[in-house]
Amino acid sequence: MYSCGPETENHQGMRACVPKDATVYAVGDIHGRIDLLDALLEKIAEDARNDESLRRVLIFLGDYIDRGHGVFQVIQRLSTLAETDDFGIFREFDLHFLKGNHESSLIEFLETGDYADSWLDNGGRETLISYGIDASAFIGGDPARLRRDFRAAMPDRHLGFFRALDPCRVEGDYFFVHAGIRPGVALDAQNPLDMMWIRREFLSSRADFGKIIVYGHSPNSEPVTEANRIGIDTGAYYSNRLTALVLKGDGRRFLHT
């Protein structure tokens, strides 16, 4: 069982809202696109400078790595965002970083060496290259050596960032997660694997989950807004469009690259 943040009652008949005096930003799947991440952070910073909320929350929904070629830079940016704030405002934010299935695969490979081929074929090669490792040299080679070289190339700060990722986050009437949730299971009893990997059962459900689920993982050309869920993975690594959802009171809007 995981606690994803303070629970609040879902008010029947009323539009979902975030806590009073808070503005919440949620960012979809980045997949190594440091150019798009920096562009979207600029837009969020500009938006927040004109906002008078007492509390500003920024939630990243996972899949920071793989496929794109700027993975190292993305993790460096996110892991130092509150300390070396090049945007001049994020030190004032409540920052939360969720775990995606790609981060789960990376951690599994680093800790056990398992599933090396599936991770490499699903974008892991680009991640290794961004850390200065020639992944092509290990095709059909020694996964243990690849694992050792990768760990040696990874700054401790980055490893700490990966290991500290959370499965989910609650803000008011919204439940933030990477992939979704399993219908019929209470939010505080969700399986972490489902929260990182689920698709069909979640996306096909019309059930009232008790909160609006905000998720990434399943890309679409535009954000998906349904009565029970909001999807904000707009396929940044191939579409050049990285999306953020902005929630204030009972209002919703989007920022895009």
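Is Asp51 buried or exposed in this structure? In this predicted model, Asp51 is buried, since its relative accessible area is 10%.

## Salt bridges

Across the whole structure, a search finds 18 salt bridges. One of them joins the side chains of Asp51 and Lys248, with an N to O distance of 3.1 Å. Asp51 belongs to the loop between α1 (34–49) and β2 (55–60), whereas Lys248 belongs to strand β9 (residues 243–248), so this pair ties together parts that are 197 residues apart in sequence.

Another salt bridge links the side chains of Glu92 and Arg56, at 2.9 Å from N to O. Here Glu92 is placed in the loop between α2 (71–79) and β3 (94–97), and Arg56 in strand β2, so parts that are 36 residues apart in sequence are tied together by the pair. Glu92 is exposed, because its relative accessible area of 55% is over 50%. Arg56, by contrast, is buried, because its value of 13% is under 20%.

A further salt bridge is formed by Glu201 and Arg182, whose closest N and O atoms are 4.0 Å apart. Glu201 lies in helix α8 (residues 200–203) and Arg182 in the loop between β5 (174–177) and α7 (192–197), so the pair ties together parts that are 19 residues apart in sequence. Both partners count as partly exposed, Glu201 at 30% relative accessibility and Arg182 at 29%.

Salt bridges may also share partners: in this way Arg55, Asp94, Arg169 and Glu171 are joined into one network.

| Asp51 and Lys248 | 3.1 Å | 197 residues |

Which strand contains Val224? Val224 is found in strand β7, which covers residues 224–225. With a relative accessibility of 17%, Val224 counts as buried, because this value is under 20%. Leaving aside residues up to four places away in sequence, Val224 touches Tyr215, Arg229, Ile230 and Gly231. A distance to Val214 can also be given: the two residues stand 10 residues apart along the chain, and the C-alpha atoms of Val224 and Val214 are separated by 9.8 Å.

Conventions: Residues are numbered from 1 along each chain as its sequence is written. This is a predicted model: local features need pLDDT of at least 70, side-chain atom pairs count only at pLDDT 80 or more; totals for chains, interfaces and linings use all residues. Side-chain values use heavy atoms; hydrogens and water are left out. Helices (H or I, at least four residues) and strands (E, at least two) are DSSP runs, numbered from the N terminus. Buried means under 20% relative accessible area, exposed over 50%, partly exposed in between (1.4 Å probe, protein chains only). Contact means heavy atoms within 4.5 Å.
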